[in-house]
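Reader: I have a chain on my screen and would like to talk through how it is put together. Could you walk me through it?

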Amino acid sequence: MRDRLSAWANNDSLEARDLQEAYRAQDVYAIAEAPDREKVRLRGILKTVTLRPRGGVPALEAELFDGTGVVTVVWLGRRRIAGIVPGRSIQVAGRIGAYDGARVLYNPRYELIP
């Protein structure tokens, strides 16, 4: 049992390391190092995508992961966006803020990465 848990934990750290390598680029911040309230460009993989209304307005919400950390990306007024699905690689640009103790990027510009 302990060996299985150790192998599983090692796979997660290997995946995180691989993502850090894959998404490293000029003028792109690592999520863990991205400053709040400044314009940033981030790259990563969408872990989850959900429809979660905010203040009576539909909102498409996704968790972006790059191997260093997670930021929640929210598109207000959207129920779905073509190509925004779990497992998709994406680049986003905008300003990171805080909401209920989590880092959030509202209505970012985005680009799907092949």
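Author: What follows is a conversation about this chain, which is a predicted model.

Reader: Let's start with the overall layout; how many helices and strands does the protein chain have?

Author: The protein chain has one helix and six strands, and read along the sequence they follow the pattern α-β-β-β-β-β-β.

Reader: And what share of the residues is buried?

Author: Of the 114 residues in the protein chain, buried ones make up 33%. As for contacts with a separation of 6 or more, 50% of them are between residues 24 or more positions apart.

Reader: Which residues have the most contacts inside the largest nonpolar core?

Author: That core has 17 residues, and those with the most contacts inside it are L42, L64, V71, W75, I84, I90 and I96. Strands β1 (39-51), β2 (59-65), β3 (70-76) and β4 (89-99) each supply at least two residues of this core. In soluble globular proteins, nonpolar side chains tend to be buried together.

Reader: Take L42 then; what does L42 touch?

Author: Leaving aside residues up to four places away in sequence, L42 touches a list of residues that includes V28, Y29, I31 and A34, as well as L64, V71, I90, I96 and L105.

Reader: Now the strands themselves; how do β1 and β2 run, parallel or antiparallel?

Author: Strands β1 and β2 run antiparallel and are joined by six bridges, while β2 and β3 also pair in the antiparallel sense, over seven bridges. You can follow this at A62, which is the bridge partner of V49 and which has V73 as its bridge partner in β3.

Reader: What happens in the hairpin of β2 and β3?

Author: That hairpin has four residues between the strands, and G67 takes a positive phi near 100 degrees there.

Reader: Why is β2 described as largely enclosed?

Author: Six of the seven residues of β2 are buried, so the strand is largely enclosed by the rest of the structure.

Reader: Switching to charges, how many salt bridges does the structure hold?

Author: The structure holds four salt bridges. In one of them the side chains of R103 and D36 meet, at 2.8 Å from N to O. That pair links distant parts of the chain, with R103 in strand β5 and D36 in the loop between α1 (2-23) and β1, 67 residues apart.

Reader: Is R103 buried, partly exposed or exposed, and what about D36?

Author: R103 counts as partly exposed, at 23% relative accessibility, and D36 is partly exposed as well, with a relative accessible area of 36%.

Reader: Which residues form a salt bridge network?

Author: R52, R54 and E61 are linked in a network of salt bridges. The closest N and O atoms are 2.6 Å apart for E61 and R52, and 2.7 Å apart for E61 and R54.

Reader: How accessible is E61 itself?

Author: E61 has a relative accessible area of 9%, and because buried means under 20%, E61 counts as buried.

Note on methods: Residues are numbered from 1 along each chain as its sequence is written. This is a predicted model: local features need pLDDT of at least 70, side-chain atom pairs count only at pLDDT 80 or more; totals for chains, interfaces and linings use all residues. Side-chain values use heavy atoms; hydrogens and water are left out. A nonpolar core is a set of buried Ala, Val, Leu, Ile, Met, Phe, Trp, Tyr and Cys residues joined through side-chain atoms within 4.5 Å. Buried means under 20% relative accessible area, exposed over 50%, partly exposed in between (1.4 Å probe, protein chains only). Contact means heavy atoms within 4.5 Å. Two strands pair if DSSP finds at least two bridges between them.
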